[in-house]
Amino acid sequence: MRAMKKPALMKKIILYVTMSFLAVIFLFPLVWMVMSSLKGDVQIFRDMTSIKAFLPPMPNEVDGYFQNYIMAFERVNLLRYIMNSLIYTIGIIIFGLIVNSMAGYALARFQFPLRNFWLAVIIATLIIPPESIFLPLYVLVFNLGWVNTYTGLIVPFIANAFAIFLFRQFFLDFPRELEEAAKIDGCSQIGIFFRIIVPLSKPVFATVAIVLFINHWNDFLWPLVVANDDSMRTIQIGLQYFMNQPPIQWGQVMAALTVATVPMLLIFIFLQRYYVQGLAHTGSKN
Amino acid sequence: MVTRKRYSLKTREGKEALTGYFFLLPALLLLGVFLLYPMGAAFYYSFTDFYILRPGEKNFIGLENFQMIIGDAEFRQALRNTLYFTFLVVPIQIAVALGLALLVNKKLKLKVFFRTAYFSPVVMSLVVVSILWTFMYNPNEGLINEMLGLLGIPPQPFLTSPDQAMNSIIVMSVWQGAGFQMMIFLAGLQNIPDHLYEAADIDGANTFHKFLHVTLPGLKNISLFIFITITIAAFKLLVQPMIMTQGGPLGSTKSLVYHIYEVGFNYRDVGYASAMAVVFTVMVLTITIIQRILVKEERG
């Protein structure tokens, strides 16, 4: 028995050591970022040669733990950038959920001429890389007078082929009986959709909302070209701007990076279930 | 005719068609105006000398832009860089993601902690990660050189060297992205039925054989999906070089999308940039189609 157990134990130890080593590799930049955001630049460089780089500063080493955060908010309009990002992403989510769920429902439930043609067109648009149309899209938005407006940021990305596809797949599996019953009760199609279908479809709405939030919170190219005024910058563009603003203070930039990560972190902590569902869904359906 | 049309809208089928279009139309209009129209416009601009500062003048110049691409050394370099990045990132990231998924799929007490740790870089945006790693890669007082120093390795130039800059970006990109595909692989691993492994056990298969004959075939569809998405995402490389190196040093990290952005947006040469965007799109479509065909052959 003992001879059998020893290799198994060895194996387990090796496994734990490997996994811990990998965990260190994946975590140390994040830990360094957060810890450095609490320190002055002199201390950041002094601590770098030892384990202290990954530890919070001693109370006697700093004037106040959040000095960098206060300075970052003072030097650039971080609050405005975050507000802009929230308006941009939440705007796309609200309009996107309405428009795309309606389209997905139409493609799943109704018979109408050219239905399969439109479905094919929508799926085909999935393979157009957004990077290849940003210039003509910019010219269009410019001609509409939408440069440096929320309209210009939001409207082009409301309709989303991937979201339509997810909604359609969900509604195809949705039991018809409820709708039939409502129809007999004299409910209109629009009433049926908004009063019966939508409230019973929370998981797919949550999944699409989270996928849209993550994609657009991280967006870079479109906000970069269409929102170049400081008052319209999103957080990602604002970070790039701050990074290049002399004098470059590492601690302050680290503070801004940490702040920019908080919304995504909250999403993952509280809504991970829906997010993983969405991932699994995309993985298996394709 | 008019009466028949009216009549047809009053039938059940007619009403259903009308409702269907009512639900579908907003999305169709938006996709048409903000996706299909720009696509067509990019194609049209690519045959003109459209320059943003002269919006009134768009002259048809035939294939001149495309001929210019062939002789454009910067375009060739950007294409080479993009292909280099793609060919390295795709296999490395898939291997790392699969390895991590296999590790966290083991029945261990701390597996939730490990899974969260490997996934955590995904929570940060590419911009945040790029800025953070620019500091870490700093050749004079960066964290990575300090750590290498403790191991007795001399300081490296990283992003400041044409030989190391792209590789440095690749390492960071794998670090940032692998956790995402790990989660997808993990979902796939958990879908492989246990009885397949039990049957393999009875046949006396060792761990490696089980991996080869049970795990890999079970992950086939998911692997192909991941392969396609990573390849296309890698081909669109932009944020990392834009933030970390501005395409340098000596253009060694300038990517295709970055080059298109500079020509179209900084130099305002929309005609030429559109021609390059068309070439870029054709490349992405070709990758997609080739991979789809491979998928079909595998399945057929």
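Q: What makes up chain B, in helices and strands?
A: In this predicted model, chain B has 14 helices and 0 strands, where helices (H or I, at least four residues) and strands (E, at least two) are DSSP runs numbered from the N terminus. Residues are numbered from 1 along each chain as written, chains are lettered from A in the order written, and local features need pLDDT of at least 70.

Q: Why is chain B called more spread out than a compact globule?
A: The globule rule is 2.2 Å times the number of residues to the power 0.38, and the radius of gyration is taken over C-alpha atoms. For 300 residues the rule gives 19 Å, whereas chain B has 25 Å, well over that value, so chain B is more spread out than a compact globule. Its C-alpha atoms fill a box of roughly 75 × 60 × 35 Å along the principal axes.

Q: How do you know which residues of chain B touch chain A?
A: Two residues are in contact if their C-beta atoms, placed from the backbone, lie within 7 Å. By that test, 64 residues of chain B are in contact with 67 residues of chain A. Helix H2 (residues 12-45) of chain B gives the most to this side, with 20 residues.

Methods
Predicted model: local features only at pLDDT ≥ 70, side-chain atom pairs only at ≥ 80, totals over all residues.
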